[in-house]
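This report looks at a protein model and at how some of its side chains pair up. Please look over the sequence and the structure before reading on.

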Amino acid sequence: MTNQQFMSEMDRLENILFSFALRLTRNYEDAQDLMQETIFRAYKHRDKFAMGTNFKSWSSTIMRNTYINRYRKMKSRKHVNEPVESFLFAVENKGAIANGGEMNMRMEELEDKLRQISEIYSVPFLMFYRGYEYKEIASYLNIPIGTVKSRIFLARKKLKALIGDRSTAV
């Protein structure tokens, strides 16, 4: 399709396509934007139009697909209707000061429970808790990796039992 043929077909169908765009968007300005986008896409892909087929159907399909794609894109975006200035509180660092009292109490309680179990279990457990790998713990303590894993498992089991005893006593 040549440029001249394309423009004459588009001029002939302009009113029909615009009324279709209005029906899709229900807004005059959005319909104008959709019409412009449709003409642009149809012109860009005019070489794909097969002569002898229905130009009105081809361009209407382009318009409908363009509208659907734009609708999906707008639906997935988050829209903020308030000015950015009202959201400055999110950037400012004027939040509450963290209170570490409860965490300190829990750590003291955990350390007390760790003192109740044997040192052969608590040392590998604490090293693992602090981020050491099994291999590093094994080399530091000069014991096999399997023993390290076993002692960490048993330390967890003993700690659970000690913590469980406290919850039933309360």
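## Aromatic pairs

Two rings of Phe, Tyr or Trp count as a pair if their centres lie within 6.5 Å. The angle between the planes then sorts the pairs: under 30 degrees is stacked, over 60 is edge-to-face, and the rest are tilted. By this rule there are 8 aromatic pairs in this structure, which is a predicted model.

One of the pairs joins Phe49 and Phe55, with 5.3 Å between the ring centres and 85° between the planes, an edge-to-face arrangement. Phe49 and Phe55 are both buried. The rings of Tyr67 and Tyr71 make a stacked pair, because their planes are at 25° and their centres are 6.4 Å apart. Tyr67 and Tyr71 both belong to helix α3, where they are 4 residues apart, or about one turn of the helix. Tyr67 is partly exposed, at 24% relative accessibility, and Tyr71 is also partly exposed, with a relative accessible area of 48%.

## A cluster of rings and a charge

Which residues do ring pairs link into a cluster? They are Phe6, Tyr43, Phe49, Phe55 and Trp58. Phe49 and Phe55 are thus part of this cluster as well as being the edge-to-face pair described above.

Tyr43, another member of the cluster, also has a charge over its ring: the charged end of Arg46 sits there, 4.1 Å from the ring centre.

## Helix α3

Helix α3 covers residues 55-76, which is 22 residues. From its first C-alpha to its last it reaches 32 Å, close to the 32 Å expected at 1.5 Å a residue. At the start of α3, a side-chain oxygen of Asn54 comes to within 3.1 Å of the backbone nitrogen of Lys56.

The buried residues in α3 are Phe55, Trp58, Ser59, Ser60, Ile62, Met63 and Thr66. What covers the buried residues of α3? The cover includes α1 and α2.

## Salt bridges

Side chains of opposite charge can pair when their charged atoms come close. A pair counts as a salt bridge when a side-chain nitrogen of Lys or Arg is within 4 Å of a carboxyl oxygen of Asp or Glu. How many salt bridges does this rule give? The count is 3.

In helix α1 (residues 3-25), Arg12 and Glu9 lie 3 residues apart, about one turn of the helix. They form a salt bridge, with 2.7 Å between the closest N and O atoms. Arg12 is exposed, with a relative accessible area of 55%, whereas Glu9 is partly exposed at 23%. In helix α2 (residues 28-44), Arg41 and Glu37 are 4 residues apart, again about one turn. Their salt bridge has its closest N and O atoms 2.8 Å apart. Arg41 is partly exposed at 32% relative accessibility, and Glu37 is partly exposed at 25%.

Arg115 and Asp112 form a salt bridge as well, at 3.7 Å from N to O. Both are in helix α4 (residues 101-116), and about one helical turn separates them because they are 3 residues apart. Arg115 counts as exposed at 59% relative accessibility, while Asp112 is partly exposed at 35%. An α-helix has 3.6 residues a turn, so residues three or four places apart point the same way.

## Two serines

Ser19 is in helix α1. Is Ser19 buried or partly exposed? At 38% relative accessibility, Ser19 is partly exposed. The side chain of Ser19 reaches the backbone oxygen of Ile16 at 2.8 Å. Ser19 and Met35 are 16 residues apart in sequence, and their C-alpha atoms are 9.7 Å apart in space.

Ser122 lies in helix α5 (residues 119-129). With a relative accessible area of 9%, Ser122 is buried, because the cut-off for buried is under 20%. Apart from its neighbours within four places in sequence, Ser122 is in contact with Leu114 and Ile117.

Notes. Residues are numbered from 1 along each chain as its sequence is written. This is a predicted model: local features need pLDDT of at least 70, side-chain atom pairs count only at pLDDT 80 or more; totals for chains, interfaces and linings use all residues. Side-chain values use heavy atoms; hydrogens and water are left out. Buried means under 20% relative accessible area, exposed over 50%, partly exposed in between (1.4 Å probe, protein chains only). The expected span of a helix is 1.5 Å times one less than its number of residues. Contact means heavy atoms within 4.5 Å. A polar contact is a pair of N or O atoms within 3.5 Å; within protein, one must be able to donate a hydrogen and the other to accept it, and residues adjacent in sequence count only if both atoms are side-chain atoms. Rings of Phe, Tyr and Trp (its six-membered ring) pair if their centres lie within 6.5 Å; planes under 30 degrees apart count as stacked, over 60 as edge-to-face and the rest as tilted. A charge sits over a ring if NZ of Lys or CZ of Arg is within 6 Å of the ring centre and within 35 degrees of the ring normal.
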